[in-house]
Amino acid sequence: LTVEHGAAFVSVIGLGFGTPDVLRAERALEKAGVPLVALRTTPTALIFRVADARCEDAVRALHAEFVTGTTAV
């Protein structure tokens, strides 16, 4: 058992997620400078573990990529 403090989970929820969506999300986080700690995928969610201090940045980047279709700043 490993305990990791200071981690946050950020999710993208929808139907039919696949590899292209995972790649889009990873690119969006990378572009925003948010290091990805871990990733879990399901057909209805992409769940990213990021450092707690970067949670808001991750939310903005994923929202821009999947909801508004704009690039996060």
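Student: Is arginine 24 buried, partly exposed or exposed?
Tutor: Arginine 24 is partly exposed, with a relative accessible area of 28%. Buried means under 20% relative accessible area, exposed means over 50%, and partly exposed is in between (1.4 Å probe, protein chains only). Keep in mind that this is a predicted model, where local features need pLDDT of at least 70, side-chain atom pairs count only at pLDDT 80 or more, and totals for chains, interfaces and linings use all residues. Residues are numbered from 1 along each chain as its sequence is written, and side-chain values use heavy atoms, with hydrogens and water left out.

Student: OK, what does the side chain of glutamate 65 meet in a salt bridge?
Tutor: That's arginine 24, at 2.9 Å, N to O. A salt bridge here is a side-chain nitrogen of Lys or Arg within 4 Å of a carboxyl oxygen of Asp or Glu. Glutamate 65 sits in helix H2 and arginine 24 in helix H1, so the pair ties together parts that are 41 residues apart in sequence. Helices (H or I, at least four residues) and strands (E, at least two) are DSSP runs, numbered from the N terminus.

Student: And which salt bridge joins arginine 24 and aspartate 21, and how long is it, N to O?
Tutor: Their side chains meet at 4.0 Å. Both are in helix H1, three residues apart, about one turn of the helix. Aspartate 21 is buried, at 17% relative accessible area.

Student: How many salt bridges does the structure hold?
Tutor: Five. Arg54, Glu56, Asp57 and Arg60 are linked in a network of them. Within it, the closest N and O atoms of aspartate 57 and arginine 54 are 2.7 Å apart.

Student: Switching topic: in what order do the strands of the sheet run?
Tutor: The open sheet has three strands in the order S1-S3-S2, with antiparallel pairing. Strands pair if DSSP finds at least two bridges between them. S1 (7–13) and S2 (36–42) are the edge strands, each pairing on one side only. S1 and S3 (residues 45–51) pair over seven bridges, and alanine 8 has valine 50 in S3 as its bridge partner.

Student: Which residues touch the most other members of the largest nonpolar core?
Tutor: Of its 14 residues, they are Val12, Leu29, Leu46, Phe48, Val50, Ala58 and Leu62. Such a core is a set of buried Ala, Val, Leu, Ile, Met, Phe, Trp, Tyr and Cys residues joined through side-chain atoms within 4.5 Å.
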